[in-house]
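Good morning, and thank you for coming. I would ask you to keep the structure in view while I speak.

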Protein chains: 4
Amino acid sequence: MWDLEDTQSEPDVRNIPIQRVGVRGVRHPFRLVDGEEGEQFTVGRASLSVYLPANVRGTHMSRFVAFLQSGADRIGSSSIGRMPAEVATLLGAEEATVEFDFPFFMVKNAPVTGVSGRVDYEASLRGHWVRGETRSEAVVRVPVTTLCPCSRNISERGAHNQRGLVCVAVEAEPLPRLEGLVRLVEAAASAELYSVLKRPDEKHVTEQAYDNPVFVEDLVRNLAQELQASPGIRRYRVEAENFESIHNHSAFAVVEG
Amino acid sequence: MWDLEDTQSEPDVRNIPIQRVGVRGVRHPFRLVDGEEGEQFTVGRASLSVYLPANVRGTHMSRFVAFLQSGADRIGSSSIGRMPAEVATLLGAEEATVEFDFPFFMVKNAPVTGVSGRVDYEASLRGHWVRGETRSEAVVRVPVTTLCPCSRNISERGAHNQRGLVCVAVEAEPLPRLEGLVRLVEAAASAELYSVLKRPDEKHVTEQAYDNPVFVEDLVRNLAQELQASPGIRRYRVEAENFESIHNHSAFAVVEG
Amino acid sequence: MWDLEDTQSEPDVRNIPIQRVGVRGVRHPFRLVDGEEGEQFTVGRASLSVYLPANVRGTHMSRFVAFLQSGADRIGSSSIGRMPAEVATLLGAEEATVEFDFPFFMVKNAPVTGVSGRVDYEASLRGHWVRGETRSEAVVRVPVTTLCPCSRNISERGAHNQRGLVCVAVEAEPLPRLEGLVRLVEAAASAELYSVLKRPDEKHVTEQAYDNPVFVEDLVRNLAQELQASPGIRRYRVEAENFESIHNHSAFAVVEG
Amino acid sequence: MWDLEDTQSEPDVRNIPIQRVGVRGVRHPFRLVDGEEGEQFTVGRASLSVYLPANVRGTHMSRFVAFLQSGADRIGSSSIGRMPAEVATLLGAEEATVEFDFPFFMVKNAPVTGVSGRVDYEASLRGHWVRGETRSEAVVRVPVTTLCPCSRNISERGAHNQRGLVCVAVEAEPLPRLEGLVRLVEAAASAELYSVLKRPDEKHVTEQAYDNPVFVEDLVRNLAQELQASPGIRRYRVEAENFESIHNHSAFAVVEG
């Protein structure tokens with residue numbers, strides 16, 4: 001019906017394979033499946049790419065988006081392990097990567113009054129398929145309270161504290177639940193964040209943070225210890241950043257293992 | 001049970017009322033109601049605030065978040081008209097503002113092949129309650145293609161074009177559907193965007209844009225004409241920005257009426 | 001020499017004047033002149049626009065950038081008061097706006113050891129020329145420490161604190177120095193930020209913040225009081241936002257006068 | 001004089017070394033030295049970090065900032081090769097990384113009228129010192145025009161084009177000039193960007209882009225060819241992203257060698 005030139009399929013003589021080519025920043029609504037009871041709706045961003053051999057000029061970008069829109073409506077550990085191979089097949093590629101970045105929510109009870117509230121986190125699920133094998137990765141970005149041990153030790157009253165952001169990426173088989181990763185991070189900080197706190201709760205978290213001071217160094221080490229003890233984790237990367245309340249820059253620390 | 005000091009309720013002697021005080025950046029999942037058939041899930045950000053009279057020291061921040069979490073799960077033109085008064089009552093305030101910023105999706109068919117695909121937009125719904133009256137506002141941010149009339153007229157072949165972003169805010173009674181506002185914007189541009197285009201579609205939108213060149217000035221005027229002709233619109237503001245393909249800065253234009 | 005069609009100068013029959021049309025996001029290096037001794041180099045972003053009457057199709061965008069590049073290399077209160085009229089003349093416009101957003105630095109001594117360090121702030125200078133008159137505005141965005149009075153009052157030890165950001169905009173004749181505005185903001189907060197603090201300094205600012213707890217409401221009121229007492233200020237707007245260390249959202253307050 | 005506990009220097013028993021710990025996002029003004037004639041002022045962001053052995057609890061953050069403020073006022077290929085070792089010495093560390101991200105400007109003449117104008121780019125200089133050796137890296141981020149070969153081939157008139165962003169990172173000895181890297185990128189695109197273009201120039205770049213269509217795949221391959229032919233380059237990474245004028249997402253490609 002239409003006989004339009006297929007410029008992308010032209011041969012290429014520059015002899016340079018392209019490691020990754022595809023689309024990025026595609027907004028995508030889906031149901032996140034995080035364990036048996038953890039289904040929830042979210043809106044994220046997708047990135048899909050393939051390896052392009054040296055002798056082909058271009059990939060077919062519209063197939064990535066068509067793939068997303070024709071079925072990627074429930075996403076979790078199992079689908080992220082399956083999708084890259086499907087994308088590779090669809091594009092005729094030897095290697096493919098699929099990644100979703102998205103917010104998600106956990107419901108928590110305030111520590112004293114028990115008032116329940118939803119807290120938001122950011123996460124990513126990534127799958128990479130190459131030579132018949134898939135590697136999957138889960139990432140969570142968790143805001144926490146950090147209270148400075150030095151400030152506490154040297155001051156007669158008070159101690160500077162602030163919001164910190166911890167990013168944990170794990171490559172594992174099977175992938176752990178995102179909620180589980182969040183719990184690990186929150187346990188390693190001075191205190192966790194809540195969305196609704198009444199006065200008795202605010203008193204509690206203030207004192208809890210004061211009683212559990214951590215440097216960014218402590219935070220990443222506490223977490224690394226936990227991850228090293230977790231079965232099934234092949235690789236991890238922990239990064240903590242403090243938006244210092246006494247400086248206009250951040251302190252950060254990274255541990256990989 | 002707990003007898004903790006209520007610092008916020010202390011009297012204040014500085015004699016300065018605060019126009020707006022509240023919370024901002026609260027991530028919020030909800031069902032967007034955009035007309036009878038337009039229900040869809042999304043995740044946005046909420047901002048809620050009240051007027052604080054001169055003689056009170058502080059507002060009660062946790063009530064805003066509790067309000068959000070206890071019922072704001074379906075949001076549309078009618079709820080945005082109702083919420084600010086509810087917030088004012090809850091906080092004992094004379095004036096309140098509620099605002100949600102969020103992405104939403106429309107399904108479109110490609111212009112030639114008819115392949116269907118989801119396109120994402122950003123929108124806001126705002127309600128402001130004061131002296132017993134509510135004013136509601138709807139905002140859409142719509143990406144479009146703009147092709148430069150000058151470049152087309154002076155060049156022997158081609159014409160520079162680019163992605164532009166159009167922001168339309170309307171205060172109206174009743175509020176128009178977000179989808180309707182998006183359609184108005186897309187009709188005023190050189191071409192609209194799609195998520196999936198096959199080659200015949202790409203040929204079509206390329207030629208369509210070439211046949212409908214618009215400056216940012218044309219875009220805002222085309223839209224202003226349409227909005228002036230729309231019944232029920234009390235005020236509007238149209239802003240267009242072109243991410244110029246030949247410059248590293250943007251061209252922009254604003255019309256208010 | 002070149003006889004190319006001037007599409008922008010075509011007449012327009014839609015009968016819609018455009019309040020503002022121009023360029024935005026133009027990166028611009030310049031010497032900031034902030035009072036007699038306050039010269040320093042910076043790199044900011046410029047936005048320039050004019051009013052376009054109903055009967056002309058488009059403005060000439062390249063003249064804005066040419067204006068910037070041919071002389072706007074020293075910018076301060078006096079130039080921001082002069083530039084909009086120059087832009088209007090160059091574009092043949094009745095009304096013009098010029099705005100620069102940029103970072104700047106102040107050198108401070110740590111409160112105990114006296115170690116000197118540079119702290120960065122963001123600011124804007126804006127000039128608007130209409131009907132032969134210029135209105136000028138200066139804006140500073142100042143990071144500070146805020147310590148929660150409620151948390152302090154109800155807790156047996158510690159008090160949550162965090163980085164806050166205060167934005168002050170003033171319309172005045174003459175414009176105050178940016179450094180002076182920063183000092184006002186810092187004096188209204190629990191403590192100011194530094195870039196280099198040794199342990200004795202850290203002890204000092206920790207205790208200082210504990211001794212000066214402020215809600216966002218207190219912060220904006222303290223500042224409004226100072227601004228009301230400052231001669232020459234016609235209008236001001238103060239906005240404070242706290243990146244709460246115990247929540248994943250911000251508290252904010254706005255006062256205008 | 002002050003005898004305050006040094007909490008950071010406490011021993012640590014968790015047995016986990018930290019790969020990188022330091023400060024990030026420190027705004028820093030400096031003179032960029034890019035070759036013999038390429039000195040210019042800029043304001044960037046610095047990140048400095050060290051390796052922390054398993055048996056020490058924390059690093060001394062204030063020393064990083066003190067280092068920056070006491071001498072890092074001229075930065076270029078030679079200083080970026082020297083600084084990490086200096087930081088390591090100052091912190092008593094075995095390994096250190098120093099990185100600056102900043103905008104810089106190049107003056108260009110418009111292609112036909114020769115009107116001169118400043119164009120802005122972003123760049124990074126990174127140095128990593130480990131086991132007595134420094135590896136240095138230069139990165140440029142260059143906005144370009146890309147015109148779609150497929151759209152051009154299938155359409156009777158016009159062709160969609162847009163702003164693209166190319167990021168090139170090279171590890172080399174000695175580092176190439178940033179200006180030279182920018183020129184390589186611009187030569188590989190459909191057309192380069194300018195800040196001031198008169199009508200004859202606009203005609204020229206419009207037709208030039210039409211005559212030089214490139215996919216993101218072409219762009220990264222063109223660049224990879226040039227980099228492979230450049231002496232002294234040990235490793236490179238090229239990434240191109242198109243902000244598609246017909247879609248609301250980006251196309252991207254990455255080649256490493």
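Predicted model: local features only at pLDDT ≥ 70, side-chain atom pairs only at ≥ 80, totals over all residues.

The largest nonpolar core has 128 residues. Within this core, the residues with the most contacts are Phe100(A), Val168(A), Phe100(D), Phe104(D) and Val168(D).

Let us take one of these residues by itself. What does Val168(A) touch, if residues up to four places away in sequence are not counted? Its partners include Ala138(A), Val139(A) and Val140(A), together with Leu181(A), Val185(A), Leu223(A) and Leu227(A). Arg237(A) and Val238(A) are also among the residues that Val168(A) touches.

I turn now to chains D and A. The same surface serves both of them, as 100% of the contact residues of chain D recur in chain A.

How many residues does each chain bring to this contact? Chain D gives 55 residues and chain A gives 56 residues. Between them the two chains bury about 4400 Å², and 52% of that area is on carbon and sulfur atoms. Three residues, Arg24(D), Arg221(D) and Phe252(D), supply 20% of the area that chain D buries against chain A, more than any other three residues.

In one salt bridge, Asp12(D) pairs with Arg221(A), where the closest N and O atoms are 3.4 Å apart. Across the interface there are also 36 residue pairs in polar contact. Among the elements of chain D that give two or more residues to the side touching chain A are strand E1 (18-33), strand E2 (39-52) and helix H6 (216-228).

Asp120(C) lies in strand E5 (residues 116-130) of that chain. Is Asp120(C) buried or exposed? With a relative accessible area of 7%, Asp120(C) counts as buried, because buried means under 20%. Its side chain makes a polar contact of 3.0 Å with the side chain of Asn248(A), and another polar contact, of 3.1 Å, joins it to the side chain of Arg27(D). Leaving aside neighbours within four places in sequence, Asp120(C) is also in contact with Phe104(C), Phe105(C), Pro143(C) and Arg45(D).

Key. Residues numbered from 1 in each chain as written. Chains lettered and ligands numbered in written order. Heavy atoms only, no water. Contact = heavy atoms within 4.5 Å. Core = buried A, V, L, I, M, F, W, Y, C linked by side-chain atoms within 4.5 Å. Buried < 20%, exposed > 50% of the residue type's maximum accessible area, 1.4 Å probe, protein only. Buried area = accessible area lost by both parts, 1.4 Å probe. Salt bridge = Lys/Arg side-chain N within 4 Å of Asp/Glu carboxyl O. Polar contact = N/O pair within 3.5 Å; in protein donor to acceptor, adjacent residues only side chain to side chain. Helix = DSSP H or I, 4+ residues; strand = E, 2+ residues; numbered from the N terminus.
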